[in-house]
Amino acid sequence: GEVPEGVEKISSSINELASIIKDLSVLVIDQGTLLDRIDYNVEQTSRHMEDGLGQLEQAEKYQKSTRFMTFVICAGCVIFALVVVIIFKHR
């Protein structure tokens, strides 16, 4: 009951092919996991950018209101100084 050489070669080739298919399956699964991670990171980056944009808009509003308050305070000081000068000049 010896197995002919051709049948042994075919059996060996089928086993090699099965091993290659198994390795490819592992690679495909790994690639899918990698793509899922990339997709997740892109979503997170998008969310962080939206949050950052909102914070920048808020900072811009704050800066404008601060500028306006600085102007009002300076104008008030100038008006106060002019009133003082006018009062002391007319004495």
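Is Lys64 buried or exposed? Lys64 is exposed, with a relative accessible area of 51%. Keep this residue in mind, as we will come back to its partner below. The model in these views is predicted.

Figure 1. Along the principal axes, the C-alpha atoms fill a box of roughly 135 × 15 × 10 Å. Of the 91 residues, 0% count as buried. The accessible surface comes to about 8,700 Å², and 66% of that area belongs to carbon and sulfur atoms.

**Figure 2. Glu60 and Lys64 form a salt bridge.** Side chains of opposite charge can pair when their charged atoms come close. Here, the closest N and O atoms of Glu60 and Lys64 are 3.9 Å apart. Because the two residues are four apart in helix 1, Glu60 and Lys64 are separated by about one helical turn. Glu60 is partly exposed, with a relative accessible area of 42%, while Lys64 is exposed at 51%.

**Figure 3. Glu5 pairs with Lys9 in a salt bridge.** How many salt bridges does the structure hold? There are two. In the one between Glu5 and Lys9, the closest N and O atoms are 4.0 Å apart. Glu5 and Lys9 are four residues apart in helix 1, so about one helical turn separates them. Glu5 is exposed, and so is Lys9.

Figure 4. A disulfide is a covalent bond between the sulfur atoms of two cysteines. The structure holds zero disulfides. Cys74 is in none, and its nearest cysteine sulfur, that of Cys77, is 6.4 Å away.

**Figure 5. A nonpolar patch on the surface includes Phe71.** Which residues form this patch? They are Phe68, Met69, Phe71, Val72 and Ile73, and together they have about 530 Å² of accessible area. Phe71 is found in helix 1, which covers residues 5-89. With a relative accessible area of 57%, Phe71 is exposed.

**Figure 6. Gly54 and Val3 are 75 Å apart in space.** This distance runs from C-alpha to C-alpha, and the two residues are 51 residues apart in sequence. Gly54 lies in helix 1. Is Gly54 buried or partly exposed? Gly54 is partly exposed, with a relative accessible area of 31%.

**Figure 7. Asp23 and Val84 are 90 Å apart in space.** In sequence, Asp23 and Val84 are 61 residues apart, and the distance in space is again taken C-alpha to C-alpha. Asp23 lies in helix 1 and counts as partly exposed, at 47% relative accessibility.

Conventions: Residues numbered from 1 in each chain as written. Predicted model: local features only at pLDDT ≥ 70, side-chain atom pairs only at ≥ 80, totals over all residues. Heavy atoms only, no water. Patch = residues over 30% accessible without salt bridge, like charges linked within 9 Å, V, L, I, M, F, W, Y side chains within 5 Å. Areas by Shrake-Rupley, 256 points an atom, 1.4 Å probe, with all protein chains shown as cover. Salt bridge = Lys/Arg side-chain N within 4 Å of Asp/Glu carboxyl O. Buried < 20%, exposed > 50% of the residue type's maximum accessible area, 1.4 Å probe, protein only. Disulfide = S-S within 2.5 Å.
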